[in-house]
Amino acid sequence: MTRYADIPKPIRSGIVVVDPELGIPQRVIVLQFNPDTLERQVAPQAAGGEGDSGGGGGGSGGDRNEALRLKGPAEETWKFTAEIDATDQLDVAAPDGIHPELAVLEMLVQPTVAQLLAASKLTKKGTIEISPIETPLTLFTWGSKRVMPVRLTELSVSESAFDVNLCPIRASLSIGMKVLTVSDLPAGHPGAALYLAHLAQKEQLARRARGGSFAQLGLGRGI
């Protein structure tokens with residue numbers, strides 16, 4: 001008989017916040033529930049302009065030479081819905097409801113007070129050009145085979161239940177993110193190395209896929 005203690009606990013998806021200069025993890029955010037679905041879009045960075053016609057006859061000779069060329073890694077975006085529910089953790093004190101969990105996710109797309117004050121001081125000193133505020137490096141993890149640097153592009157929060165103090169206790173979050181590649185990050189950046197590791201993992205998985213045959217395609221004699 002299988003005991004409950006023998007059943008492995010499911011791995012959770014989550015987000016790791018990393019210092020962009022030192023590459024040291026600063027915080028681990030574990031999603032309470034794994035999303036039921038993931039929406040992924042992978043768009044190749046094809047060489048040539050949008051008007052390329054390949055072999056259709058309308059493109060120039062140069063465009064035809066670039067029909068099979070790539071300018072860089074594909075642009076990949078992820079979108080999913082995360083759920084946070086304080087009533088599922090009744091054994092954990094939550095005087096603020098799920099305010100802390102929501103705040104930590106919102107701070108992934110917000111500068112800190114210290115950063116804003118520092119930028120304001122530079123403005124008052126008459127600094128001509130102020131560099132945009134840099135946020136920590138964000139990694140999205142979906143198991144050990146999917147660990148990638150990302151930038152959050154969407155964070156939509158729908159709060160659906162509250163306690164007597166109007167603290168939210170249940171919420172649904174629509175999260176969108178773009179995978180950062182070596183085309184997005186400077187050379188030597190920790191995120192660039194992490195992306196290459198992510199791509200190498202994908203290459204290994206592709207090699208494990210079983211190949212088909214011409215007969216399965218109705219091409220018994222080959223092509």
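Helix α3 covers residues 113-124, and its twelve residues reach 17 Å from first C-alpha to last, close to the 16 Å expected at 1.5 Å a residue. After α3 comes Gly126, with a positive phi near 85 degrees. Keep in mind that this is a predicted model.

**The overall layout**

- The protein has four helices and seven strands.
- Reading from the N terminus, the elements go β-β-β-α-β-α-α-β-β-β-α.
- Of the protein's 223 residues, 27% count as buried.
- If you take the contacts with a separation of 6 or more, 64% of them come from residues 24 or more positions apart.

**How the strands pair**

- Strand β3 (residues 39-46) runs antiparallel to β4, and the two pair over seven bridges.
- To find that pairing in the model, look at Ala46, whose bridge partner in β4 is Leu70.
- β4 also pairs with β7, again in the antiparallel sense, over nine bridges.

**Aromatic pairs**

- The count of aromatic pairs comes to three.
- One of the pairs is Trp78 with Phe140, an edge-to-face arrangement at 5.5 Å centre to centre, with 65 degrees between the planes.
- This pair links distant parts of the chain, since Trp78 sits in strand β4 (residues 70-85) and Phe140 in strand β5 (residues 137-141), 62 residues apart.
- Trp78 counts as buried because its relative accessibility is 2%, and the cut-off for buried is under 20%.
- Phe140 has 0% relative accessibility, so it counts as buried too.
- Phe140 also pairs with Phe80, and that pair is stacked: 5.2 Å centre to centre, with 20 degrees between the planes.
- Because Phe80 lies in strand β4 and Phe140 in strand β5, this second pair ties together parts that are 60 residues apart in sequence.
- Both Phe80 and Phe140 are buried.
- Put together, Trp78, Phe80, Phe140 and Trp142 make up one aromatic cluster.

**The largest nonpolar core**

- This core has 26 residues, and the ones touching the most other members are Ile29, Phe80, Leu105, Leu108, Phe140, Ile175 and Met177.
- At least two core residues come from each of β1 (14-18), β4, α2 (99-106), β6 (147-162) and β7 (168-179).
- β7 gives the most, with six residues.
- Leaving out residues up to four places away in sequence, Phe80 touches Leu31, Pro35, Thr37, Leu38, Phe140, Leu173, Ser174, Ile175 and Met177.

**Helix α2**

- Leu102, Val104 and Leu105 are buried in α2.
- Looking down the axis of α2, you'd see its buried residues fall within an arc of 160 degrees, so they line one face of the helix.
- The cover over the buried residues of α2 includes β1, β2 (25-30), β4, β6 and β7.

**Helix α4 and His198**

- α4 has 19 residues and reaches 28 Å from its first C-alpha to its last, close to the 27 Å expected at 1.5 Å a residue.
- Its buried residues are Gly191, Ala192, Tyr195, His198 and Gln201.
- The buried residues of α4 pack against β4, β5, β6 and β7.
- His198 belongs to this helix, which spans residues 190-208.
- With a relative accessibility of 5%, His198 counts as buried.
- Not counting residues up to four places away in sequence, His198 touches Glu76, Arg146, Val147 and Met148.

Conventions: Residues are numbered from 1 along each chain as its sequence is written. This is a predicted model: local features need pLDDT of at least 70, side-chain atom pairs count only at pLDDT 80 or more; totals for chains, interfaces and linings use all residues. Side-chain values use heavy atoms; hydrogens and water are left out. The expected span of a helix is 1.5 Å times one less than its number of residues. Rings of Phe, Tyr and Trp (its six-membered ring) pair if their centres lie within 6.5 Å; planes under 30 degrees apart count as stacked, over 60 as edge-to-face and the rest as tilted. Buried means under 20% relative accessible area, exposed over 50%, partly exposed in between (1.4 Å probe, protein chains only). A nonpolar core is a set of buried Ala, Val, Leu, Ile, Met, Phe, Trp, Tyr and Cys residues joined through side-chain atoms within 4.5 Å. Contact means heavy atoms within 4.5 Å. Two strands pair if DSSP finds at least two bridges between them. The arc is that of the directions from the helix axis to the C-beta atoms.
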